[in-house]
Amino acid sequence: MTKLVVGGAQMGPIQKADSRELVVARMIALLEQAAAQGVQMLVYPELALTTFFPRWYMTDQAEVDAWFEREMPNPATLPLFRRAGELGVAISFGYAELTPEGRHFNSSILTNRAGEIIGKYRKVHLPGHVEYQPTRGQQHLEKRYFEPGDLGFNVWRNEGVVMGMAICNDRRWPETYRCLGLQGVELVTIGYNTPSVNGHMKSEGREERLYHSELVMTSGAYQNATYVVGVAKAGVEDGYPLMGGSIIVDPNGFVLARAAGEGDEIILAECDFAKCAFGKTTIFNFAEHRRIEHYGRITAQTGAVVDV
Ligand code: CDT
């Protein structure tokens with residue numbers, strides 16, 4: 001029977017001018033705060049080391065590449081890994097990854113409680129667009145700066161718990177959770193940067209967006225009998241608001257902890273992973289109840305086809 005105190009390190013805004021060193025110092029402060037409260041596994045947001053740079057349209061590749069990390073850990077982030085190891089806190093955070101082959105991914109890593117990287121994920125569902133769109137209130141250029149992740153959805157046994165990662169927009173897709181659920185996932189970590197306003201529909205404000213965020217993470221948790229921890233970068237970055245709403249969800253779909261504000265903030269919950277067994281062996285016993293002979297379209301077809 002494994003229990004872990006899981007925390008979410010919601011981060012307030014990071015401005016364009018903020019250095020990696022400044023951000024890492026904030027992450028270490030959150031880590032120390034979390035460890036003092038007994039947290040053993042701490043999850044940070046997507047692209048945790050920088051402002052959400054895909055809101056900026058850039059044409060100079062050197063300018064783009066400056067937002068990316070060429071190795072992990074690197075001199076700027078090593079103090080975070082070291083401190084996490086000293087405190088015995090496993091961590092997961094997102095960053096922009098530039099590979100030695102020159103490939104760009106929106107990635108996240110997972111460490112054990114010794115501060116050693118044991119898993120990496122590259123974001124599969126990239127939202128947004130490639131070219132500048134003058135009609136949008138703000139740009140969302142993830143499709144310009146990243147290629148879709150090439151590693152798929154994997155799990156790792158970490159500190160006795162089957163853990164998987166997803167990033168931001170992935171949380172809206174049931175396929176994400178099910179691919180992890182089919183590998184027995186017990187904890188899904190999800191960092192995110194979600195603008196408070198919908199670039200396509202200005203009438204959709206923060207409350208609706210918070211509702212949708214919570215809806216997808218609670219249903220993903222329930223339908224796969226897994227804990228989910230979703231962690232926001234929030235607040236106003238260079239004039240553009242990001243919503244908060246970080247939550248920890250239990251395997252029955254109930255929210256155990258919820259962030260109150262839009263600044264740096266720790267949420268936490270004691271997670272008893274034995275609780276995943278009930279759903280996994282009853283209503284969501286996949287081996288017993290799934291009917292894969294009827295699910296072929298899910299992998300054979302991308303867009304909806306109306307043929308009636
Ligand atoms: N970072 C990220 O994936 N954000 C998206 C916003 C999409 S709006 C083009 C999200 O799903 O929250």
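Let's start at Leu47, which sits in the loop between β2 and α2. Keep in mind as you look around that this is a predicted model. Leu47 has a phi near 40 degrees, a positive value in a residue other than glycine. Is Leu47 buried or exposed? With a relative accessible area of 1%, Leu47 is buried, because anything under 20% counts that way.

You'll find Glu159 in the loop between β6 (155-158) and β7 (161-167). Glu159 has 34% relative accessibility, so it counts as partly exposed.

A cis peptide bond joins Met72 and Pro73, with omega at about 0 degrees.

Now for the helices. Helix α1 covers residues 20-36, 17 residues in total, and reaches 24 Å from its first C-alpha to its last, close to the 24 Å expected at 1.5 Å a residue. Several of its residues are buried, including Arg20, Val23, Met27, Leu30 and Ala34. What lies over the buried residues of α1? The cover includes the strands β1 (3-10), β2 (41-43), β3 (90-98) and β14 (265-272), along with helix α3 (78-87). Just after α1 comes Gly38, with a positive phi of about 95 degrees.

After α6 comes Ala225, whose phi is positive, near 50 degrees.

Next, hop over to the surface. Ile292, Tyr295 and Ile298 form a nonpolar patch there, and together they have about 300 Å² of accessible area. Tyr295 belongs to the loop between α8 (286-289) and α9 (296-300). Tyr295 counts as partly exposed because its relative accessibility is 31%.

Last stop: the cysteines. How many disulfides does the structure hold? The number is zero. Cys179 is in no disulfide, and the nearest cysteine sulfur, that of Cys276, is 18 Å away; a disulfide would need the two sulfur atoms within 2.5 Å. Cys179 has 35% relative accessibility, so it counts as partly exposed. Cys168, at 6% relative accessibility, counts as buried.

Methods: Residues are numbered from 1 along each chain as its sequence is written. This is a predicted model: local features need pLDDT of at least 70, side-chain atom pairs count only at pLDDT 80 or more; totals for chains, interfaces and linings use all residues. Side-chain values use heavy atoms; hydrogens and water are left out. Helices (H or I, at least four residues) and strands (E, at least two) are DSSP runs, numbered from the N terminus. The expected span of a helix is 1.5 Å times one less than its number of residues. Buried means under 20% relative accessible area, exposed over 50%, partly exposed in between (1.4 Å probe, protein chains only). Contact means heavy atoms within 4.5 Å. Patches are made of residues with over 30% relative accessible area and no salt bridge: like charges are joined within 9 Å, nonpolar side chains (Val, Leu, Ile, Met, Phe, Trp, Tyr) within 5 Å. Accessible areas come from the Shrake-Rupley method with a 1.4 Å probe; for residues, only the protein chains shown count as cover. A salt bridge is a side-chain nitrogen of Lys or Arg within 4 Å of a carboxyl oxygen of Asp or Glu.
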